[in-house]
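Visitor: I have a model open on my screen. Could you show me how to read it?

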Amino acid sequence: MMKFKITTYGCQMNENDSEKISGMLKNLGHLPVVDEKEADLVILNTCSVRENANDKFFGHLGYFKRLKETNPKMVLCVCGCMMQQESVIMEVKSRHRHVDIIFGTHNIHEFPQLLDQHLEKEEMIVDVWKDGADIVENLPVDHRYPFKAYVSIMHGCNNFCSYCIVPYTRGRERSRKMESIILEVEALAANGCKEVTLLGQNVNSYGDSLEEPATFSELLTRLANVEGLERIRFMTSHPKDLSDDLIRVIAEEKKVCNHVHLPVQSGSSKVLREMNRKYTKEQYLQLVEKIRKEVPEVAITTDIIIGFPGETEDDFEETLDLMRLCSFDLAFTFLYSTRELTPASQREDQVPDDIKHQRMDRLLEVHHEISRAQNEKYLGKIVEVLVEGLSKNNPDRVSGRTETAKLVNFPGDESMVGQIVKVKITDAKTFSLDGTIIE
Ligand code: 5AD
Ligand code: SF4
């Protein structure tokens, strides 16, 4: 029996992979611990989407070098997107010999065997697959919460946005069979799970890679019939593939949450073309208008990249303009980060750091103003909140989310965790709402 600790960097997909690694280890009788100093098996599940995730990982590796000096028996494993890059493996192999096991995004199901191999041979084990084979079903998943769960419905990405490393680290798009997803969600619901979040890099193209044709809206409609399940979330939606049928399903199926995460990346059609996003500013605006018309209560959130190569002041102002026109409920804003292998990294017209930061400050100012205004629309309304836990700073309050993914804080106690309760909104802040529960 080993005591293990998994640290996860990056997106929900990585979180879900870590839940699978944890599920496998628990099934084998190993025990999760909170403090890595107590662990004799440590797994770092890495992200490579932006440079700072890389830096954090290498910083952390240095820390473990010292920790292993006091605990030489500790087994240190690294996995995830960064390990799919040849240059990273080389660096770990040459400069971080204290790492014991390296594996990738395509073979997490093999981890128990790799661990055995390492314990037997006591040498560094490296096993990274270049591309994804068939999806391995039925891995045990150690869900963090009993009442809400991530469910991956597809893996990989075929879009090759010119800045993005994901198609290189997660391979080509592969959808899971609809029946396997439904079985997984039914089992979750039977165990008391109220909310699932369906994960994929581009959920709108779900089914394209399946032998038996299937669409994402069909999948949602089928899942809406699962007994006991109350909410279905999904992310991420690529604007180029969002169908009218999907908008109809969001509008009609009560369980499908009125929330669309719709990354726009830039408000300039020129930049969008160079990003290989396959839509223009105008097409994006029309799509947002259509969604808002069909689903009036919808929350729309987005991702924006600042400082893509060649982004001019005019391009940036178009992004500001689009922010105002779309009234996003929330925007995740990123400074463009050069990723090796990607076409954009070859460009010579990189935007200087000081200009990127200055644009980010201006973008955030507009963004905060808009999210606050969006939140103020909730004042006096009664909303349903799935309570997720006690508030971080105040044990007399709980926090949870509305179906539109708004964070709500209100007086409550532990017994409410995992329940959906009705709350009247009394105060609106930039990133959260306050309220009181109504009996
Ligand atoms: N630089 C900055 N942001 C990026 N993203 C993806 N690649 C990069 C990059 N090279 C952002 C996109 C994407 C989100 C998950 O991460 O906005 O939607
Ligand atoms: Fe990256 Fe574009 Fe695929 Fe999203 S759709 S994972 S941004 S390549």
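Predicted model: local features only at pLDDT ≥ 70, side-chain atom pairs only at ≥ 80, totals over all residues.

Visitor: Start with the site. Which residues surround ligand 1?

Guide: The shell consists of Val49, Arg50, Tyr163, Gln265, Asp303, Ile305, Phe334, Leu335, Tyr336, Ser337 and Arg339. By class, six are nonpolar, two polar and three charged.

Visitor: Which polar side-chain atom lies 2.6 Å from an oxygen atom of ligand 1?

Guide: One that belongs to Asp303. Gln265 also places a polar side-chain atom by an oxygen atom of the ligand, at 2.7 Å. With Tyr163, look at the backbone instead: a polar atom there is 3.0 Å from a nitrogen atom of ligand 1.

Visitor: How much of the ligand's accessible area does the protein cover?

Guide: On its own, ligand 1 has 410 Å² of accessible area, and the protein covers 85% of that.

Visitor: Which elements give two or more residues to the shell?

Guide: Strand S13 (299-306) and strand S14 (330-335).

Visitor: Then let us read S13. How do I work out where its side chains go?

Guide: Start with the general idea. Side chains in a regular strand alternate between the two faces of the sheet. Now the case here. Ala299, Thr301, Asp303 and Ile305 point one way from S13. Ile300, Thr302, Ile304 and Ile306 point the other way.

Visitor: Are those residues buried or exposed?

Guide: All are buried, whichever way they point. Because eight of the eight residues of S13 are buried, the strand is largely enclosed by the rest of the structure.

Visitor: And how do I read the pairing of strands?

Guide: In a sheet, strands pair through backbone hydrogen bonds, either parallel or antiparallel. Here, S13 and S14 run parallel, joined by six bridges. Ile305 has Phe334 in S14 as its bridge partner. Both of these residues belong to the ligand shell.

Visitor: What about strand S12?

Guide: S12 (residues 259-261) runs parallel to S13, with three bridges between them. Find His259: it stands opposite Ala299 in S13.

Visitor: Now the barrel. In what order do its strands close?

Guide: Five strands close it, in the order S15-S16-S17-S19-S18, with mixed pairing. On average, neighbouring strands of this sheet are turned by 50° against each other, direction ignored.

Visitor: In which sense do S17 and S19 pair?

Guide: Parallel, over two bridges. S17 covers residues 407-411 and S19 covers residues 433-437. To locate the pair, find Asn409, which stands opposite Asp434 in S19.

Key:
Residues numbered from 1 in each chain as written. Chains lettered and ligands numbered in written order. Heavy atoms only, no water. Near = heavy atom within 4 Å. Polar contact = N/O pair within 3.5 Å; in protein donor to acceptor, adjacent residues only side chain to side chain. Areas by Shrake-Rupley, 256 points an atom, 1.4 Å probe, with all protein chains shown as cover. Helix = DSSP H or I, 4+ residues; strand = E, 2+ residues; numbered from the N terminus. Nonpolar A, V, L, I, M, F, W, Y, C, P; charged D, E, K, R; others polar. Pairing = 2+ DSSP bridges. Axes fitted to C-alpha atoms, helices over the stretch in contact; angles between N-to-C directions. Buried < 20%, exposed > 50% of the residue type's maximum accessible area, 1.4 Å probe, protein only.
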